[in-house]
Amino acid sequence: MSPPCSRCASQRVINLETARKLGTTAGALAGSIKGAYVSLYSPSRLLVSSVQFPLSRIAVAVMGAATGGIAGASAGNRMVQHLLPPGEGTPWLCWGCGHAFRVLN
Ligand SMILES: [Zn+2]
């Protein structure tokens, strides 16, 4: 159960720990797609020379996806991280007024 906002008493609050996990996942996913896309379609000499070897082209795309995923995940994590108020307890963010606060368990 979520606590009411400590500023406007709204019940519409989200758990920032959950948001951080979602942000990390979404960032990783977006980063992976972007990484794979860039690896497949960037006009680099490496890709031109690997046309005869389609498997290495896929390997490059997988590598790009992994790299992009890691970068995306840390970006998503950082994005939520700066919303987190300092201190102990479960972090919450109010949808109503945008107030971030912590509640000790
Ligand atoms: Zn509020």
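P91 finds its bridge partner in β3, at R102. Residue numbers start from 1 along each chain, following the sequence as written. This is a predicted model, in which local features need pLDDT of at least 70 and side-chain atom pairs count only at pLDDT 80 or more, while totals for chains, interfaces and linings use all residues.

The P91–R102 bridge belongs with the pairing of β2 (residues 90–94) and β3, which is antiparallel and takes in four bridges. Strands here are DSSP runs of E, at least two residues long, and helices are runs of H or I, at least four, numbered from the N terminus; two strands count as paired if DSSP finds at least two bridges between them. The whole sheet is open and has three strands in the order β1-β2-β3, paired antiparallel. At its edges sit β1 (13–15) and β3 (100–103), each pairing on one side only. From one strand to the next, the twist averages 35 degrees.

Now for the helix α1, which covers residues 16–41. Its 26 residues reach 36 Å from first C-alpha to last, close to the expected 38 Å (1.5 Å times one less than the number of residues). The helix lies across β1, β2 and β3, at about 60 degrees to β1; axes are lines fitted to C-alpha atoms, for helices over the stretch in contact (C-beta atoms, placed from the backbone, within 7 Å), with angles from 0 to 180 degrees between N-to-C directions.

As for confidence, pLDDT (the predictor's own score for each residue, from 0 to 100) averages 84 over the chain, and 88% of the residues score at least 70.

Conventions. Two residues are in contact if their C-beta atoms, placed from the backbone, lie within 7 Å.
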